Each structure stands twice: as structure tokens, then as C-alpha cells.
Amino acid sequence: TTQHTNMLGQFNWNKVDGALTKVSVSGGNVWGVNSAQEIWRFNGNSWDKMPGAAVGVSCSADGSCWVVNSQDQLFNWNGQSWNQMDGAATVISVGNARDVWAVNRQGEIWHWTGSWQKVDGAAVDISVGVDGTVVCCNSAGEIYRRSGAMGSWQKMSGAARNVSCHDASSIVVTNAAGEVWTFNPSNNDWIKSPGAGVHVSAGGPQASRVWIVNSAGEIWRHG
């Protein structure tokens, strides 16, 4: 409907206590890492410090969570502690416990379903949704989307430095200027959203639940 289109991406930001460099939200789960490489999990009201150290984090609606540390090592949360996983990456994204995507320091794209398989293309950031939709951006800022491992990369309009996909209807990005843009599936174009940030995470359908971190480390949430 017209009303839905008008509402899409018109975020009502509310500030959250704390400071982070990266944030990940999916379903009821919110995790983050800060500039000291500490790992934090939101309990609904405040942040609980978790063991370990990381520079990147991704959680999924099923409770899965992976982190990547400054040595490009990967760890998977088992509910009580971290299990080191095979592989090396600079960016990790978890769609569910058996659907994990990663980008390594060489820009290669990898997909994990129990073991790693190399995927065509090159990227600097990547995000997989709960429906298997994958969005990435490359070093030129170009944005690509594919329908899971068996799909093929389709170039999208726009430019991004950081991408987040909850599902095919819920894609939010930030660009090199720190602007926030939300994908409008009805016309395959982007809506400029209020606010500014360097790392965004879409955690609900139709961008109904979005968290963002800005260049000052402040945390803001919508929904």
C-alpha cells in the first residue's frame, strides 16, 4: 500500500546506553562489540559483558552467534562459551545455525553449511537474511544481491560501505558519507532514511527493527 511505502525506512531512532563499533540484531537477539574488542549482549534493558574478544559479530533469530577477532579467527557461541571454527574472515554474517557467510582479507566470499565453500565474486561487507537472501558490497561501493548459495549475484542500484539484510524485504545500508538508505522492494530503489551511521543491522521484516552505530560509537535503535 502507499502508506506502507511511505513508512518504510522512516526510522524513529531512540538512543541506547553504551558504546559500540559493531551491532547485530535478529529477532530478539542483539549483540555488539566495542572499540576495546569487548563482546556485549543486550538483555532487553542493558548490556551483559560476554567472554572473549572480537572486532565483528553476527547473530541470528535462532540464537546463533559468531564473532571474528583481530586475527581473523572465527568463533561460534555454544550457549556458554566460544568454539573456534575453521576458516579466517574479516566479516561474518549468520542467517541461521547452518547458513553462515563470510568475507576474508583478500575479499573472497565464503559460505558455511557445516564446512566452507568458496563463492564467486568479491566483497568487503556481506549480510545474509533469515530467508537466505544475501547482500554484499565491494570495494567500489557497488551493491549485489543473490538468493542464497544457489543463486547468482544481481547488481542493485545505489552505493554502500556497510550492508544489512534481514530478508528480501528488509535491506538497510550505510554509505561512505554515513547516510542510511533502506531498500524499497516495490520499485527496486532506495529510500533515504533519517539518521547517520557507520554500522547498521536490520533485524525485522520491512525494516521494522533496526539498530545502528554511528562514528562516535553511539547506539541507536528503531523498533
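Two strands count as paired if DSSP finds at least two bridges between them, strands being DSSP runs of at least two residues, numbered from the N terminus. This is a predicted model, where local features need pLDDT of at least 70, side-chain atom pairs count only at pLDDT 80 or more, and totals for chains, interfaces and linings use all residues. Residues are numbered from 1 along each chain as its sequence is written, and side-chain values use heavy atoms, with hydrogens and water left out.

Start with E22 (residues 199-202) and E23: they run antiparallel, joined by four bridges. Val200 has Ile212 as its bridge partner in E23.

Now show side chains on E23 (residues 210-213). Val210 and Ile212 point one way, Trp211 and Val213 the other, and all are buried (under 20% relative accessible area, 1.4 Å probe, protein chains only). In a regular strand, side chains alternate between the two sheet faces.

Trp211 stands opposite Arg221. In the hairpin between E23 and E24, five residues separate the strands, and Gly217 takes a positive phi near 90°.

Jump to Met50 and look for its contacts (heavy atoms within 4.5 Å). Leaving out residues up to four places away in sequence, Met50 touches Trp31, Ile39, Trp40, Arg41 and Trp77.

Last stop: select Arg146 and Trp153. Arg146 lies over the face of Trp153, 4.9 Å from the ring centre; the criterion is NZ of Lys or CZ of Arg within 6 Å of the ring centre and within 35 degrees of the ring normal.

Definitions and conventions: Buried < 20%, exposed > 50% of the residue type's maximum accessible area, 1.4 Å probe, protein only.
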